[in-house]
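Subject: Structure handover and notes

Hi,

Here is the structure I promised to pass on to you. Could you open it next to this email while you read?

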Amino acid sequence: ESTILVMGGGLGLGALEEVLLQLDTITGNQRIVVVAGRNDALRKELQSLSRSLRHTVSILGYTQRIPELMANADLLVTKPGALTCSEAMVTGLPMVLVNAIPGQEEDNAHYLHNHHAALWVQDETLLAQVVSRLLSDPSSLATMRYQAQQLGRPDAAQQIVRQLSGM
């Protein structure tokens with residue numbers, strides 16, 4: 001069983017319903033965990049939708065368990081926000097990026113895709129196909145996991161403090 005973590009940012013943005021419906025078409029035994037953030041209306045809508053899906057789906061609202069969820073996931077499907085991507089890199093979690101907002105998020109998607117830590121799906125109708133192919137290819141997942149870890153900076157906060165304090 002593969003575990004797919006789906007995140008749409010702290011406010012639960014990013015067409016999570018469409019992502020969930022796409023992922024439910026994947027064959028095989030998948031567990032899908034969706035974090036809807038602080039958007040309670042979206043969380044309730046997704047919980048209702050999840051009852052009709054064939055895969056095991058857990059819908060969470062705002063949670064401080066992101067490190068644990070990432071550690072237990074095989075793949076993250078998310079919009080390429082800086083904080084979420086940074087956490088995934090430190091965890092070594094391969095990413096499939098969707099719904100990039102023009103500007104910084106598109107820059108993040110280009111960077112992560114070009115460094116083989118993520119796949120950027122710009123045509124969302126291909127999401128299920130890309131995720132399915134990736135989950136059936138342990139070698140690609142391992143490469144992406146390694147690349148994400150190489151890009152991750154777990155000591156970034158300490159480095160910033162040192163620089164700001166003139167050390």
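First, the ground rules. This is a predicted model, in which local features need pLDDT of at least 70 and side-chain atom pairs count only at pLDDT 80 or more, while totals for chains, interfaces and linings use all residues. Residues are numbered from 1 along each chain as its sequence is written, and side-chain values use heavy atoms, with hydrogens and water left out.

**The cores**

The largest nonpolar core has 29 residues. By nonpolar core I mean a set of buried Ala, Val, Leu, Ile, Met, Phe, Trp, Tyr and Cys residues joined through side-chain atoms within 4.5 Å. Buried stands for under 20% relative accessible area and exposed for over 50%, with partly exposed in between (1.4 Å probe, protein chains only). Val6, Leu20, Leu23, Leu46, Val77, Leu127 and Val131 have the most contacts inside this core. At least two of its residues come from each of strands S1 (2-7), S2 (30-35), S3 (56-60) and S4 (75-78), and likewise from each of helices H1 (16-23), H2 (40-50), H6 (127-135) and H7 (138-151). Helices (H or I, at least four residues) and strands (E, at least two) are DSSP runs, numbered from the N terminus. H6 gives the largest share of the core, six residues.

Leaving out residues up to four places away in sequence, Leu23 touches Ile4, Val6, Ile32, His55, Val77, Leu127 and Val131; contact here means heavy atoms within 4.5 Å.

Which residues of H6 are buried? They are Leu127, Ala128, Val130, Val131, Leu134 and Leu135. Seen down the axis of H6, these buried residues fall within an arc of 165°, so they line one face of the helix. The arc is taken over the directions from the helix axis to the C-beta atoms.

H2 has Leu42, Arg43, Leu46, Leu49 and Ser50 as its buried residues. Their arc, viewed down the H2 axis, is 125°, so they too line one face of the helix. H1, S2 and S3 are included in what covers them, while the face of H2 turned away from the buried side carries the exposed residues Ala41 and Lys44.

Thr78 is found in S4 and counts as buried because its relative accessibility is 1%. Its side chain reaches the backbone oxygen of Met7 at 3.1 Å. That is a polar contact, a pair of N or O atoms within 3.5 Å; within protein, one must be able to donate a hydrogen and the other to accept it, and residues adjacent in sequence count only if both atoms are side-chain atoms. Beyond its neighbours within four places in sequence, Thr78 is in contact with Met7, Thr84, Val96, Leu97 and Val98.

Lys79 is found in the loop between S4 and helix H4 (82-91). Why does Lys79 count as buried? Its relative accessibility is 11%. A polar contact of 2.7 Å joins the side chains of Lys79 and Glu105.

Met70 lies in helix H3 (residues 66-71) and counts as buried, at 1% relative accessibility. Leaving aside its neighbours within four places in sequence, Met70 is in contact with Leu5, Met7, Leu76, Thr84, Glu87, Ala88, Thr91 and Leu93. Ile66 is found in H3 and counts as buried at 10%; Met7, Val35 and Glu87 are what Ile66 touches, not counting residues up to four places away in sequence.

**Backbone and rings**

Most residues other than glycine have a negative phi. Here, Asn99 has a positive phi, near 55°, and His116 has one near 60°. Asn99 sits in the loop between strand S5 (95-97) and helix H5 (104-114) and is buried, with a relative accessible area of 18%. His116 lies in the loop between H5 and strand S6 (118-120).

Finally, Arg38 lies over the face of Tyr62, at 3.8 Å from the ring centre; the criterion is NZ of Lys or CZ of Arg within 6 Å of the ring centre and within 35 degrees of the ring normal.
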